[in-house]
Each structure stands twice: as C-alpha cells, then as structure tokens.
Amino acid sequence: MSDIIHLLPDSVANQIAAGEVIQRPASVLKELVENAIDAGASAVQIVIKDAGRTLIQVSDNGKGMSETDARMAFERHATSKIKDAADLFALRTMGFRGEALASIAAVAQVEMRTRRHDDELGVAIEIAGTRVFKQETIHCEAGTTFFVKNLFFNVPARRRFLKSDNVEKSHILTEFHRIVLVNPDIEFSFYDGDEELFHLPAANLKMRIDAVFGSQKKKIQQQLLNIETSNGLVNIIGFIGKPEFAQKSAQQYFFVNGRYMRHPYFHKAVTLAYNNLIQPSDNPSYFIYFEVDPQTIDINIHPTKTEIKFENEQAIWSILSATVKEALGKFNVAPSIDFDRDDAPDIPVNLDIENVKPPQTNFNPDYNPFNSSYKRPAFDWEKLYGGFEKDTKIAPPNNTYSADNISVTESPVTVEQLWIESEPEQQKLDLGGENHSANFQFKNRFIVTSIKSGMLIIDQNRAHTRILFESYLKDIEQHTAHSQQLLFPEEMELNEQDLLHFETIEDALRSVGFNFSERTKTLLIISGIPSLLNASASKSLINEMIDNVRNTGINTAQNIYDMIAFSLAKSTAIKTGQLLTQEEMSDIIDRLFACSNSNYTPDGKSIHTTISHSELLSKFS
Ligand code: ADP
Ligand code: MG
C-alpha cells in the first residue's frame with residue numbers, strides 16, 4: 001500500500017489557520033488597523049459596508065511597503081516585526097505573528113495598494129483564497145490601503161455563522177474603541193457606507209475619550225477623575241468615573257503598553273475601591289493605561305485572546321488599588337481637609353520585587369458576628385484614604401510601602417473591607433491539627449469550626465456557591481457539561497433587541513448544554529437544557545444572562561462562562577436555613593479550601609471569617 005500522509009496545499013493550510021485569527025469582520029478590522037499603527041501611520045481611515053460583510057477598507061499614511069515586501073506580506077509567518085523568540089518578550093508592536101494577512105487573503109477577496117514615501121511608484125496586488133490574481137505597478141498615495149471584500153466568500157459555513165448586521169457592527173465598534181482609545185495621537189475616521197460615524201482628530205487621551213463616548217450635551221470629561229502614579233514597577237495613568245456617574249452599563253477599559261487587555265483581577269482592584277460609594281448594581285467607568293517593561297508581561301500568544309499575564313501582578317494590584325482610592329478620596333473628602341500628593345502612600349521608585357509580600361489582613365477585635373446588634377460603622381470618607389487621623393478603635397493604618405515589603409493595608413475601615421483588602425492573596429487558613437469533625441451549625445446559616453488559630457465561621461450558602469461555581473466552570477471549560485433534551489420544548493418570547501443580545505451569547509449557552517431549535521422573529525424555542533437545571537430555572541437563567549449582556553455589554557466567552565457557572569451555582573447551592581449533617585459540614589469545609597479562591601463568592605462577598613483565640617480570651621479577661 002502506498003504512503004498516505006501528505007502536506008496540505010497552502011490555500012487549505014491558510015484557510016485552517018484563518019479559522020483561528022479571522023472569526024468575523026471585526027477581526028479583519030482589528031488586524032488591518034493594528035498593521036496601520038505598526039506602520040507608523042498618523043491618520044487612518046476606515047470604511048465598512050454591510051457590517052463588514054461586503055467591504056472593510058483601511059487606508060493609512062504609514063511607511064508603506066516595497067514591491068517584494070508587498071508580496072511577502074501575504075505569506076504565512078511573514079513578519080517584519082520579530083526576528084526570533086527572544087523578541088517575543090520585548091514586543092513594542094501590535095502584530096508579531098505574521099499570519100493576519102495570510103489568513104485574511106485565504107478567506108476573502110483582497111486588494112492592496114501600497115507605496116513607500118521615497119518611492120515614485122507603488123504596487124497593487126489582488127489576491128483571493130490565497131491565489132494571487134494580479135500584481136502591478138501603480139500611481140498611488142504614500143501609505144497603504146486594503147480593500148477586503150466578501151469575507152468568507154469561499155467558506156459558506158463560516159459566512160452562515162455570522163450574526164445579524166447589528167451584532168457584527170457592534171463587534172466592529174468594540175474593536176474600534178479598543179484601538180482608538182489607546183492611540184489618541186492618531187487621527188481616525190470611520191464610515192459606515194456613506195455615513196461618517198466617527199471623526200477623531202489627533203488629541204490627548206481625555207479629549208479622545210470624550211470624542212468617542214461624549215456627546216454635545218454630556219461631556220464625559222466632567223464625569224472622570226484623573227489617576228496617575230509612577231514607580232520602578234509600573235506607570236499608571238488614566239481616568240476613573242466619579243461615583244455619582246456610575247451606571248449599569250459602564251465603559252471599562254484597561255490597556256497595557258498601548259494594547260487593550262482584559263484583566264479580571266485588576267478589574268476587581270478598581271471596583272472594590274468603589275465599595276460603599278455606588279449602588280451594588282451599578283458599575284464605575286474607567287480608562288486605565290499601564291506602562292511596564294515589556295519583559296515583565298506575557299502577551300497572549302493566542303491571536304484572539306486579550307488576557308495578559310503580569311510578572312508582578314500582586315504588587316501592581318496593590319498600587320492600582322491605592323491609586324484609585326487616592327483619587328476617590330481626594331475627590332470626596334470635604335474640601336477643608338487639604339489633600340495633596342504628600343499624603344499619598346509613598347510608592348518607592350526602587351521596589352525589591354523579589355521580596356514583595358502580599359497585602360496583610362487585620363481584624364477589628366471588637367467585631368462579634370454573634371452579636372446581632374453589631375452595626376457596621378457608617379461609611380466614613382476620611383477612612384477610605386487613611387493616614388490623617390488614627391482611629392483608636394480600629395487597627396492603625398499601615399500605610400507603608402517599603403522596599404522589601406509592600407504592605408498596602410490602608411486605613412482599615414470595616415472588618416468586611418479588611419477582608420476584601422486581602423483579595424490578592426488566597427487567605428491561608430491552617431486547618432491542620434484540629435479535629436474539625438467537631439463542627440456545629442449556627443442559626444442554620446453558619447458552619448462554625450475550630451482551627452489552629454481560633455474559630456472559623458463559614459457562611460454555608462456562600463461556601464457552597466463558590467464550590468459549585470468552580471466545579472461548573474471546569475465542566476464548561478472542558479466541555480464536559482451534559483445536556484438533556486426536552487420532551488416538550490420551552491418557548492420564550494423575546495423582543496428584537498433582546499434577541500440580538502441573545503445571539504451574542506448563543507454559542508456559549510450551547511456549550512453549557514442548551515439547545516435551541518428554529519425560531520421566529522420574537523420566539524425562542526429551547527429544545528435542550530443543561531442537565532443540572534430544570535426547565536423553568538433554565539428560562540430564568542437565559543433571561544438573567546440577556547439582562548447581563550444588555551446591562552454590561554459583556555459577551556466574551558469567558559465572561560459568559562463565568563456568568564453561567566455562577567447562575568448555576570446560585571440556583572443549586574445549599575440555601576441559608578437548610579439543616580446540615582456533620583458529614584455535609586465537613587464536606588463543605590474540605591471542598592471550600594480546595595477551591596482556587598475560598599475567600600469570596602464570585603460576586604465578591606466574604607465566605608468566612610475567624611475569631612482568633614486571643615480575641616476570645618480577651619473577652620474573658
Ligand atoms: P504581523 O502584523 O504579525 O507582522 P501581518 O500578516 O499582519 O503580520 O502583516 C505582515 C507584514 O506585512 C507586517 O509585518 C508588515 O511588515 C507588513 N504590513 C502589513 N500591513 C502593513 C501596512 N498597513 N503598512 C506597512 N506594512 C504593512
Ligand atoms: Mg498584523
């Protein structure tokens with residue numbers, strides 16, 4: 001028998017690779033605009049037609065390409081931006097993979113015109129499905145223009161997979177925002193057909209944010225507070241929303257070294273600083289720009305992922321948290337108190353990164369959870385940003401950042417806040433040595449157990465929610481979630497807008513076990529549901545998810561997975577008021593402390609607290 005393994009032709013290999021890089025018109029736009037920025041353009045013009053299905057055109061006045069480079073640019077792994085693996089760790093450009101143009105040319109009809117500023121003539125190339133149809137010398141402006149037509153013309157399955165025009169357009173705008181908000185010195189214009197949606201002149205950051213999100217009446221600038229800090233580890237500049245402008249759907253952006261990123265952990269640092277300042281259902285806007293040594297971050301190698309790993313994550317978390325609190329404190333405390341930089345936590349220029357210690361936790365010795373008359377002290381602004389007055393009742397502020405020990409416990413406010421302060425660190429409780437079969441349940445809500453250092457009190461519902469959340473999330477991510485077919489499909493009436501929101505999360509819902517059959521304009525038919533849920537819980541889950549998307553605009557797979565896992569966990573967790581057996585209590589304790597985060601529920605509520613042995617003794621002295 002003859003051999004059966006052969007190499008795939010380039011056109012097929014590129015088309016497969018394109019599946020990763022080019023998922024929808026928005027991916028094309030992102031890649032082309034990033035290339036324009038990498039080419040040093042000072043002005044970029046974008047035109048889309050039919051939500052990018054029929055045309056995405058990007059013109060720049062950047063450096064252009066030589067005739068050979070123009071042809072090379074479409075080869076897979078062809079890049080001018082890195083030479084070897086070491087360069088990956090010192091990236092200063094947006095692109096580096098060298099696969100965007102090859103991927104686009106594999107699944108669309110592409111025309112490119114380019115000329116270097118010093119050349120008299122430029123070159124035009126036409127390429128479609130990886131085949132070059134034309135290459136000729138032309139007269140054209142200096143810079144580069146791409147016309148990407150009929151995306152997925154040769155991949156009908158992918159074309160069908162595209163969502164409605166509104167959804168695809170909103171993806172395009174998301175990418176556009178992420179790019180223009182971090183490149184204020186570049187002029188952008190954006191046309192949807194003949195209609196100019198944006199004209200953004202070169203500006204500073206604040207003016208750019210205003211140009212994108214503000215309106216004649218509503219200047220976004222007035223809603224923002226400046227933040228700024230700089231030290232050997234990180235420079236942070238940007239803007240955070242004043243608490244009174246918090247709303248359900250907020251604009252939340254992080255950028256690092258000129259690149260958009262998602263960072264749930266830093267997000268937490270910002271939102272925790274707003275604790276007690278805004279309604280729990282509201283969200284603060286923020287536009288925060290980090291600059292770090294490129295060697296200390298790991299840009300996601302995956303072409304479409306925006307998560308970025310920081311080497312000094314905990315220290316930066318603390319610095320960010322202190323900076324945001326400082327800005328909020330300055331803004332809110334009565335003007336009679338004279339705030340200035342001198343009062344700010346001193347962030348040293350030369351941090352000893354090796355010995356960075358996580359923030360410390362303190363306790364309020366007066367706190368007694370069994371005493372229901374204990375009232376959380378009314379929130380006091382002066383304590384948010386400590387160092388002005390020592391509060392004798394509460395542990396003194398420990399506002400020190402020293403070279404070998406970053407300890408960022410600012411003025412402690414309430415016990416709950418103190419717990420929250422310790423978020424970056426997984427609270428390590430020494431359960432060893434004690435026999436925790438001696439658990440008891442208090443008020444059918446708390447599990448009380450003894451630990452080495454004292455007494456541990458766990459909220460049963462929150463603990464179980466955390467345990468289930470992590471386990472569901474794992475199922476979802478590993479695609480081991482099970483589905484049950486419904487004998488009688490359920491119907492849901494949705495308005496058109498909500499159907500659009502639904503479309504953005506449909507795939508994620510399917511991956512956790514939902515199935516949907518054909519639907520009419522306003523009727524959704526649910527034919528399968530996750531095996532963990534019953535039909536009515538499934539409907540409310542879908543409703544809740546649509547609410548979430550409507551209110552937060554969040555629709556990335558990871559966020560949806562989190563939301564679904566959390567909703568599932570909430571609806572299936574042991575409730576407050578449920579009587580537990582000894583075995584159930586031990587099981588909860590063991591599983592809780594095996595979780596990756598045993599301190600907080602996914603929505604940031606404390607799961608447990610301790611009363612130390614010495615606190616207890618002091619009550620009997
Ligand atoms: P990458 O951006 O990862 O290098 P691409 O496939 O996006 O890979 O682009 C390949 C190469 O084509 C780039 O490295 C660059 O040299 C060149 N190129 C692409 N777009 C432009 C542009 N607008 N202006 C100048 N050169 C470009
Ligand atoms: Mg590129």
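Predicted model: local features only at pLDDT ≥ 70, side-chain atom pairs only at ≥ 80, totals over all residues.

Colleague: Which pocket does ligand 1 sit in, and which elements give two or more residues to the shell around it?

Modeller: Start with the place: ligand 1 is in the second largest pocket. Two or more shell residues come from each of these elements: helix H4 (100-107) and strand E6 (143-149).

Colleague: How do the residues of that shell divide into nonpolar, polar and charged?

Modeller: There are 19 residues around ligand 1, and Asn35, Thr79, Ser80, Lys81 and Gly98 come nearest. By class, the shell has four charged, seven polar and eight nonpolar residues.

Colleague: What is the distance from an oxygen atom of ligand 1 to an N or O atom in the side chain of lysine 81?

Modeller: Polar contacts here go up to 3.5 Å. The side chain of asparagine 35 has an N or O atom 2.8 Å from a ligand 1 oxygen, and a backbone N or O atom of leucine 101 is 2.9 Å from one. For the side chain of lysine 81, the value is 2.7 Å.

Colleague: How much of the accessible area of ligand 1 does the protein cover?

Modeller: On its own, ligand 1 has 530 Å² of accessible area. The protein's share of cover is 94%.

Colleague: Now the rings: why does the pair of phenylalanine 213 and tyrosine 253 count as it does?

Modeller: That's one of 23 aromatic pairs. It joins helix H7 (residues 205-213) to strand E11 (residues 252-256), with the partners 40 residues apart. The ring centres are 6.0 Å apart and the planes are at 35°, so the pair is tilted.

Technical notes: Residues numbered from 1 in each chain as written. Chains lettered and ligands numbered in written order. Heavy atoms only, no water. Near = heavy atom within 4 Å. Polar contact = N/O pair within 3.5 Å; in protein donor to acceptor, adjacent residues only side chain to side chain. Areas by Shrake-Rupley, 256 points an atom, 1.4 Å probe, with all protein chains shown as cover. 1 Å grid on protein atoms, 1.4 Å probe; cavity = no way out; pocket = protein on both sides within 12 Å on 5 of 7 lines; lining within 4 Å. Sits in = over half its atoms within 2 Å of the grid points. Helix = DSSP H or I, 4+ residues; strand = E, 2+ residues; numbered from the N terminus. Nonpolar A, V, L, I, M, F, W, Y, C, P; charged D, E, K, R; others polar. Phe/Tyr/Trp six-rings, centres within 6.5 Å; stacked < 30°, edge-to-face > 60°.
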